[in-house]
Amino acid sequence: MAHEFSRAYARQMDVEDPLRGFRDRFIIPQHNGRPVLYLCGNSLGLQPKSVRPAILHELDHWAEEAVEGHFRGEMPWMPYHRFLQPQTAHIAGATEEEVVVMNTLTTNLHLLMVSFYQPTPSRFKIIMEAGAFPSDQYAVESQVKFHGYDPAEAIVEVAPREGEEALHTEDILQAIENQGEQTALVLFSGVQYFTGQFFDLEAITHQGHAAGAYVGFDLAHAAGNVALNLHEWGPDFATWCSYKYLNSGPGGPSGVFVHERHAYAPELPRFAGWWGHDEDERFLMRKGFKPMRGAAGWQLSNAQIFSFAAHKASLDLFVEAGMDNLRRKSEQLTGYLAWIIQHLNEAHGHRFRIITPADPARRGCQLSLLTGPEGKGLFDYLSRRGVMADWREYNLPGGKAGGVIRLAPVPLYNTFEEVWELGSLLAHAPD
Ligand SMILES: *Cc1c(COP(=O)(O)O)cnc(C)c1O
């Protein structure tokens with residue numbers, strides 16, 4: 001698409017943006033009396049203005065009703081998880097029964113692996129992307145050891161080709177085919193946290209199932225970022241956190257998807273708790289676990305109301321804006337940033353190397369810029385001018401020190417003018 005690198009052009013894009021009003025629903029931190037240029041929604045989303053009243057509402061409910069708060073009011077605490085199911089289903093592209101909010105992400109990865117990683121001596125391998133988020137690596141490694149297998153043998157990592165950072169879908173599918181019937185679980189991220197690559201989740205699911213394996217996804221960087229269609233794509237499970245693109249605040253709760261085909265599967269091994277037990281009998285305090293239908297049957301404990309209230313306030317904004325609309329704007333916003341960087345590269349000898357796939361269908365909103373050791377200087381220059389982004393040290397092939405600057409323009413609260421501003425800072429960055 002042909003763009004223009006000018007403030008006036010970017011402003012016009014904002015004027016034409018049907019979602020422009022949502023920025024005003026967020027609190028934007030200040031830097032030297034101006035709003036910061038916040039490009040870190042991939043790490044911690046900004047605070048929706050509706051979060052504070054939502055938490056205050058629950059504090060009042062507690063003050064006024066005490067234990068009766070479980071049963072009284074518009075949103076009694078007892079069935080509270082249900083008040084988040086419709087919005088979560090919207091984010092995940094799932095039915096309400098297929099989703100639930102509970103615990104935190106790494107906890108849920110473990111709980112889901114208890115059900116969906118059932119290794120046997122002939123089928124014990126887990127296939128995942130190389131360089132997965134460390135918490136996922138630790139979770140997988142410890143699960144493999146827990147079952148008495150050797151991580152070096154059981155964990156198969158799909159690595160990029162020589163000199164590349166993103167993965168080819170065909171290489172992922174080939175790796176699954178190569179392991180064949182030894183594969184117990186295929187576990188990939190949805191959007192890779194480092195490169196920003198959006199994997200072909202449908203193709204991976206089909207190939208994993210063709211090998212007779214379970215398939216699960218960590219959607220920490222995908223939820224609220226790309227349009228998901230989990231019900232149709234058909235993985236067995238997925239889980240994600242809510243404090244990144246979903247703006248639910250630090251340590252916010254995690255979302256879980258379990259496909260309908262496992263909606264009632266009492267024979268699946270699981271670590272159970274009373275909140276996953278059949279609601280009608282929960283308070284009979286009887287022996288013998290009987291799971292609720294759907295993802296709710298994986299719940300352990302009663303809901304953490306304050307963090308759920310914040311999460312609900314934020315999720316409601318996503319439903320109001322609509323994931324498809326957000327994704328449409330996101331492709332334009334990130335497309336504009338990619339175009340500007342390309343434009344600067346043509347003018348200034350290819351300074352900025354984007355390792356995120358160029359195809360909008362294969363990325364979310366984040367672009368990752370790979371730099372040499374001078375990248376930290378560039379990052380600090382941007383920070384001093386009010387840009388909040390993210391810097392990660394990274395060893396380049398050959399062991400040379402470098403880093404990645406991750407830039408995530410978020411369609412709910414970032415503007416085209418901000419993208420232009422970032423571009424003009426990059427254009428004037430010292431070498
Ligand atoms: C952010 C992130 C996590 C963090 O896990 P928590 O349990 O929420 O602390 C884990 N995995 C991935 C892929 C992430 O992006």
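Across the interface of domain 1 and domain 2, the rule picks up two salt bridges, a salt bridge being a side-chain nitrogen of Lys or Arg within 4 Å of a carboxyl oxygen of Asp or Glu. Arg353 makes a salt bridge with Glu165, with 2.7 Å between the closest N and O atoms. This is a predicted model, where local features need pLDDT of at least 70 and side-chain atom pairs count only at pLDDT 80 or more, while totals for chains, interfaces and linings use all residues. Residues are numbered from 1 along each chain as its sequence is written, and side-chain values use heavy atoms, with hydrogens and water left out.

As for the domains themselves, the assignment (bounds from an automatic or database domain assignment) gives domain 1 as 7-42 + 323-427 and domain 2 as 53-321. Their centres, taken over C-alpha atoms, sit 28 Å apart. In terms of contact (heavy atoms within 4.5 Å), 31 residues of domain 1 meet 25 residues of domain 2. Together the two domains bury about 2,500 Å², with 58% of that on carbon and sulfur atoms; buried area here is the accessible area (1.4 Å probe) that two parts lose on being put together, summed over both. Met323, Ile355 and Arg362 supply 27% of what domain 1 buries against domain 2, more than any other three residues.

The tally of residue pairs in polar contact between the domains comes to 13, both residues being at pLDDT 80 or more. A polar contact is a pair of N or O atoms within 3.5 Å; within protein, one must be able to donate a hydrogen and the other to accept it, and residues adjacent in sequence count only if both atoms are side-chain atoms. On the side of domain 1 that touches domain 2, the elements giving two or more residues are helix 11 (323-347), strand 14 (367-371), strand 16 (390-395) and strand 17 (401-407). Helices (H or I, at least four residues) and strands (E, at least two) are DSSP runs, numbered from the N terminus. Helix 11 gives the most to that side, with five residues.

Then there is Gln299, in the loop between strand 12 (254-258) and helix 10 (305-321). Gln299 counts as buried because its relative accessibility is 3%, the cut-offs being under 20% relative accessible area for buried, over 50% for exposed and partly exposed in between (1.4 Å probe, protein chains only). Its side chain has a polar contact of 3.4 Å with the side chain of His81, and reaches the backbone oxygen of Trp275 at 3.2 Å.
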